[in-house]
Amino acid sequence: MAQHIVSSFDEELRQLDQLLREMDELSGSMIRRATQALLEADVELAQKVVTDDREVDAKQRDLDDRAVTLIARRQPMAQDLRLVVGTIRMAADIERIGDLAKNIAKRVGAVGQTPISPELSASIQSMSDLVLKQVDAVIEHYVARRPEDLVELRDNDEKIDIFYTSIFRELLTYMMEDPRKITACTHLLFCAKNLERVGDHVTNIAENAYYILTGQQLPVGRPKQDELSRMESTKGS
Amino acid sequence: MMNALREDLTQMNMVVRQLAVDTDLYTLPSTTIRTPDLEPQPVKIKARNVNVFYGEKQAIHDVSIDIPEKAVTAFIGPSGCGKSTFLRCFNRMNDTIEGSRVDGLIELDGRSIIDRSLDVVELRARVGMVFQKPNPFPKSIYENIAYGPRIHGLVRSKADLDEIVERSLRKAGLFDEVKDRLHDTATGLSGGQQQRLCIARAIAVSPEVILMDEPCSALDPIATARVEELIDELRENYTIIIVTHSMQQAARVSQRTAMFHLGNLVEEGPTEKIFTSPEVKRTQDYITGRFG
Ligand SMILES: Nc1ncnc2c1ncn2[C@@H]1O[C@H](COP(=O)(O)OP(=O)(O)OP(=O)(O)O)[C@@H](O)[C@H]1O
Ligand SMILES: [Mg+2]
């Protein structure tokens, strides 16, 4: 992309990209640490994640302010306009990702020392790893201006959903086996649900990023399976 | 014998022209990238393969476009790219420039306006023009507006004329500001008022098309907003083409936008498309303020 005649305009756009990246890195690291805290019952680490969320929020406010000022000062057009509006929306999704990580962290105390089976622990860890990979990759592809990779990334969301469904079933089994575990398992279920929702936000980000880069909507993907149909398929098994 | 031959030739010429104009714009061999409207509007002006020369120098190269009826079309592009030159083709204002030559086809409602035999006075009554700098005649406000209808024989009585003057001033959003001084000289008006007076003057002869060449370049934001509001209202009844250097203005007032560069029509399409996702890099660079 050629440079703007007014070079400070380029600088302002770069700053938006930079803030978006920082927000994304931070909320990614919050997911990683929240999962670790959960699986290791590390309350202190969980607390750190909760406070980090404020930083994500602050960065989002900063980004919003800069974007609004940029619109007022530069009256961006075409790809610049798409970039500014799209960045505001992507930042909102990243901010939600931070919230979801915080929510996982907040449940660490409640899950407490309830022993988690190695299989379940491994499933949650793998799901979290995959989610984290998606969170990192979406902004990487965007910043590197690689729209084709965004299509593939969006389609990966399905794998997250599959993880979620399997964790959901596993937790149901535990709860049925031992009603004393219901409280802890419910919290774990919400944690898995939160990870699954992070995946949905990544999908939104991918769609916005694709629109910014190409001016086209991301080709329609797979239909999203909802909670109820998952319950149904669980009942059947 | 000669006469018969000439007639045949004229006829053949007409057939050729007809054929050329019937070609769908979107299959015409051309370097212009075009995006049609989702709901195409009737075409008011058709231009096909238009070239304009100033002496040896060619200012417009093979430009073809359809101008939709009762809509605003914006011409944009860097200074000197030929916007004004092309605009002036539509009411034959280039005729007044020594050494200028126009070839190709231009039709208003399906009738050629390039034809030398065409009555230019009548054409200019149908295709009005508003210039960059307000240019009222050094006469009264009333006379500025009354002049056109009078010379075009549009009025029978003083009462008729009074009515046209008032109606035109009202349409241009100027009446209330000047109603108590209609017989004062027009040059005493502010720049914005003068520009609206020129618009009133253009609409007084009930044109079908209004050409505006940077009509707001000398106006403050409020006067600009008034003119833009007026353009929006006029679009109900008139076909409007506006040349503007303000991308925001083009985006605000027009339904279609045409981007010119070095005498070529680079890209044309629905305004929202041009300003959110233009196809051509040259257009992107221009409207986003990048080095091209
Ligand atoms: N009367 C003239 N005689 C000779 N050349 C002319 C004349 N008018 C315009 N030109 C040339 O034709 C080209 C197109 O000029 P035109 O005025 O149509 O550009 P424009 O797009 O309207 O520019 P601007 O945005 O500055 O008004 C320019 O290179 C200009 O120098
Ligand atoms: Mg000009």
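H1(A) gives the most to the lining of the largest pocket, with seven residues. Helices (H or I, at least four residues) and strands (E, at least two) are DSSP runs, numbered from the N terminus. This is a predicted model, in which local features need pLDDT of at least 70, side-chain atom pairs count only at pLDDT 80 or more, and totals for chains, interfaces and linings use all residues. Residues are numbered from 1 along each chain as its sequence is written, chains are lettered from A and ligands numbered from 1 in the order in which they are written, and side-chain values use heavy atoms, with hydrogens and water left out.

**Largest pocket**

- The largest pocket holds about 640 Å³ of space. A pocket is an open set of points on a 1 Å grid over the protein atoms alone, where a 1.4 Å probe fits, with protein on both sides within 12 Å along at least five of seven lines; lining residues have an atom within 4 Å of a point. Grid points are joined across faces, edges and corners, and a volume is the space filled by probe spheres set on the points.
- Its lining comprises 28 residues, of which A:Met1, A:Gln79, A:Leu83, A:Arg145 and B:Arg290 are the closest to the centre.
- At least two lining residues come from each of helix H1 (7-40), helix H3 (78-106) and helix H8 (182-214) of chain A.
- By class, this lining has eight nonpolar, ten polar and ten charged residues. Ala, Val, Leu, Ile, Met, Phe, Trp, Tyr, Cys and Pro count as nonpolar, Asp, Glu, Lys and Arg as charged, and the others, Gly among them, as polar.

**Second largest pocket**

- About 490 Å³ of space lies in the second largest pocket. Among its 23 lining residues, B:Arg124, B:Met129, B:Phe137, B:His152 and B:Arg201 are the closest to the centre.
- In chain B, helix H3 (120-126), strand E7 (127-130), helix H4 (141-151) and helix H7 (191-204) each supply at least two residues of this lining, and H4(B) gives the most, with six residues.
- The lining of the second largest pocket divides into 15 nonpolar, six polar and two charged residues.

**Interface of chain B and chain A**

- The contact (heavy atoms within 4.5 Å) takes 15 residues from chain B and 16 residues from chain A.
- The two chains bury about 1,300 Å² between them, 55% of it on carbon and sulfur atoms; buried area is the accessible area (1.4 Å probe) that two parts lose on being put together, summed over both. B:Gln248, B:Arg290 and B:Phe291 supply 44% of the area that chain B buries against chain A, more than any other three residues.
- The rule finds one salt bridge across this interface, a salt bridge being a side-chain nitrogen of Lys or Arg within 4 Å of a carboxyl oxygen of Asp or Glu. The side chains of B:Arg290 and A:Asp80 meet in a salt bridge at 2.9 Å, N to O.
- On the side of chain B that touches chain A, helix H9 (247-253), helix H10 (271-276) and helix H11 (281-288) of chain B give two or more residues. H11(B) gives the most, with five residues.
- That side of chain B has six nonpolar, six polar and three charged residues.

**Within the chains**

- The structure holds 34 salt bridges over all chains. One joins the side chains of B:Asp162 and B:Lys158 (2.8 Å, N to O). Because B:Asp162 and B:Lys158 are four residues apart in helix H5 (residues 158-171) of chain B, about one helical turn separates them.
- A:Glu170 lies in helix H7 (residues 157-177) of chain A. Not counting residues up to four places away in sequence, A:Glu170 touches A:Glu119, A:Leu120 and A:Ser123.
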